[in-house]
Amino acid sequence: MPQRRAGTGARPFVRRIVGDIMAPAMTQPICRTPLAFLAALAVSVHAAALPAPSDSLPAPQEVAGAVAAAQGPAVALAPFAPGVVYDSAIPTLKQVVGHDVGEEITSPDLINVYLRALHAAAPRRTRLVEYARTWEGRPLMLLVVGAAERLSTLDTVKAGLRKLADPRTMAAGEAEQLIRDLPSVAWLIHAVHGNEISSSDAALLEAYHLLAATGDPTVDLIMRETIVLIDPLQNPDGRARFVATTTQGRAATPDAYRFSAEHDEPWPGGRANHYLFDMNRDWFSQSQPETRGRTRIFLEWYPHVTVDLHEMSGDATYYFAPPADPLNPHITRAQGDWFTEFGRQNARAFDARGFAYFNREVYDSFYPGYGESWPIFHGSIGMTYEQASARGLVFLRNDKALLHYRDTVMQHFTAAITTLETTARNRERLLRDFVEYRRSAIREGETGPVRQYLLPHGKDPSRTDRLARLLVAQGFEVKRADEPIGVGTRTLPAGTYVVPVAQPAGRLVRNLLEPHVAQPDAFVKEQERRRTKRLGDQIYDTTAWSLPLAFDVEAMASGATLTARTSAFTGELAARATTLPAVKVGYLLPWGSATANVVIDALQAGVSVRTNDLGFTLGGRAYAPGTAIVRVADNAANLATTLGAIVARHGAEAVAIDSAFTEAGSSLGSGTVVKLRSPRVLLAWDAPTSSLSAGWARYVIERRFNQPVSAVRVASFARVDFRDFDVVVLPSGNFAIAGETLRRLKDWVMAGGTLITLAEATRWVARESTGLLDTRMELRDGRPDVEASDQDEKKAEKSPIPFDYEKAIQPLSERPENTPGALLRVTIDGEHWLGAGLDGEIQVLQEGSRVLRPITLDKGTNVGVFQKRDRLVAGGLMWPDAQDLVAQKAFVVHQPMGQGHIVAFTEDPNYRAFMEATELLFINAIVLAPVH
């Protein structure tokens, strides 16, 4: 640690702090017995004070000494902040948890212990806030650091910050007064990926430095001009997983070899949260409680600068802004100038200390769902910082240099403090540009070609409601029409949602609701050049994300002045009666996302539910195929209250009927009506599945739709009796199930089981050797992608004469062109039960190089087919060659097999948990296939 002023230590803090962290009650944790967890926490906090048994891991000091000895003569460690003197009244990390900064990877529990110690030592200059809980019950903490005078009037400060965020609320001249008086707000968010470890320890050092440094002009400036929000750990569950595996794999002295057990994480690794989500892509999806909590923090403070601190390959150096191309077109020139200014200042600090770095490469700011980009479109200066990762205490780089954990902490700390200094020195400019960003977004909305987006309730009103609530949760203004709206030749009904573009966050509104956000032409042309040379593109993430397309909800862009009366929508739907009206026959529930929720809950509650595979008309109303039927005669006397509460909870529609006589179509007692049952579902887990795909599937099944599921490791399939289940889901993955296990799986399908495969799992099931799916994937030239044949040699024999160089250098067997995430239109077979609740056309997020030939009519049904080339791409970038190959190929295939089913998706229907329409297809396969 840097030099400290003489004084007594802070050890007395520890016992009280442990008591404090044990106090908060866990809210809906997955772990139902938190006592063991808290006991382990107490033991870990006091471990440094206890004598270690001879066979224990070496103490941090011993580890550091061993590493130093292995490298030669000991050298003095470089100070984190040269020349700074610290107040001994503020406890160091070592005094509280037993190790110094960079000596150990601080666990999530001890991070919170130290935060509480800092808050206890400096209560007037800090606020400590628990802003959310993870799925596993761990608290997410925010440490607010600022001058005591600022924090003593925090409510007034926040009120002023909210006024700056909405220029419409300020009187003439009020903005300038607020800019003179208010602090800038900098939000440092660390370690959204749990195995990107150094930023959390840097966060603890940042907090200590700001609170303990004495007489340091930079710290004095920061504390005077800025309120700093430090989120030290965005992903406690992932970090806990990483710490456990690296500690278990650690050698007697830290092993620098990259494939040693302490560096080489087992599946799924520590990157993701409990549901294995990459939470750096969850900001507009808002699917995870961690993300929702951070969104609330942003909307409470409206920070002017946001930095998301990450790690990257240990062979890299350090990355900071400016970002790589392409920039999202809704980033303003002023924001781009700030990226450069912060980059220059970071470069100055890094040059002074001899740290290597790069910028304008790899990491872009195009996708609006990153931790740095979502705040950008609210007006913040959002930036990603990336540090080469030691993934342990020491890492041997390819250049044979050793990268020490302490050094990675130091570089993140240096960048963070430099950023805070730059924020403080430019306080008024930053506030003024923030106000102008919000004000200009309103002007663009008032003068642009689109004034509002209109979201009428379509075939599935619940998805429209869900989308409107998602927008409100992100700080958008959403209204609801109190009367019909005339738009051209159409009249939209009362209740239509209205999303004005003329609002302070209007640029984010456009980002999320427009069908396509274009990349610069020059960038796309460069990717085309690289593509033809097989150099790989420079596209960092998906190029499409339109929420209306993902939800399959109509979003009408209107440039007209709206005259209809509207009311503000706060995200709360009108209260529904929890008891349905008494009826003679029963209730009809038109199928859709909310009805799927209702049916799953109702089946678990013992309610008998049927569904009609065909459409019908009853009481003058047409009901589409899939409509759920709940008969009074099939159920207990309390049906109206039991079903009513479930229907109200999910916002579904239940139509009371006193007669089952249909005027047209199928009858309610027809053979096309099937009785549903609660399915028993197995989800393949662990290697070789993609952790993302497995996590998305598990989340959608058990959280989005509340369907119980057993996650079973693929390595245990040989011991599984598949007859215990109705459905087996194989997420995307490089499967190689063979032998007796494959035979038993096929026998289970033949006997009535439903096998659902996603993305790369469909590539496996389509192989001829599996004997499962009766169609094949295709190669780039349209030939079937088979495992072994002489087709390459046959093709080579037919090389053209005269010799053609361009053709000669093309690979003989090459998978189709990779699509970097585009939304494609798919036609749904409305006569097939799998398409229940959809309107015949949906959008699918394609990411990858899978092309599946349509199955022949004698073998199965192509329930979802990509549309013709001229209508294929709804949003995003897809290369022409890929469009040619994918057009009119299969998205989802249903193949009967004996008494069972195979349902094969070529893409992942659960992508990042924001593809609501394809998620319905997925849950339809789980709920409906077993009864057909």
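Student: Is R397 buried or exposed?

Tutor: Good place to begin! Buried means under 20% relative accessible area, exposed means over 50%, and partly exposed lies in between (1.4 Å probe, protein chains only). R397 has a relative accessible area of 16%, so R397 is buried. Keep in mind that this is a predicted model, where local features need pLDDT of at least 70, side-chain atom pairs count only at pLDDT 80 or more, and totals for chains, interfaces and linings use all residues. Residues are numbered from 1 along each chain as its sequence is written, and side-chain values use heavy atoms, leaving out hydrogens and water.

Student: Which residues does R397 touch?

Tutor: Contact means heavy atoms within 4.5 Å. Not counting residues up to four places away in sequence, R397 touches R258, G314, D315, A316 and L403. R397 itself is found in the loop between β12 (394-396) and β13 (402-404). Strands here are DSSP runs (E, at least two residues), numbered from the N terminus.

Student: What is the order of the strands in the open sheet?

Tutor: Two strands pair if DSSP finds at least two bridges between them. The 7 strands of this open sheet run β2-β3-β6-β4-β7-β11-β8, with mixed pairing. β2 (126-133) and β8 (318-319) each have a single partner strand, so one side of each is left without a neighbour in the sheet. β2 pairs with β3 (residues 139-145) in the antiparallel sense over 7 bridges, and V129 stands opposite L142 in β3.

Student: Which residues does W301 contact?

Tutor: Leaving aside neighbours within four places in sequence, W301 is in contact with L142, V144, L154, K158, L161, V185, I227 and L229.

Definitions and conventions: Helices (H or I, at least four residues) and strands (E, at least two) are DSSP runs, numbered from the N terminus.
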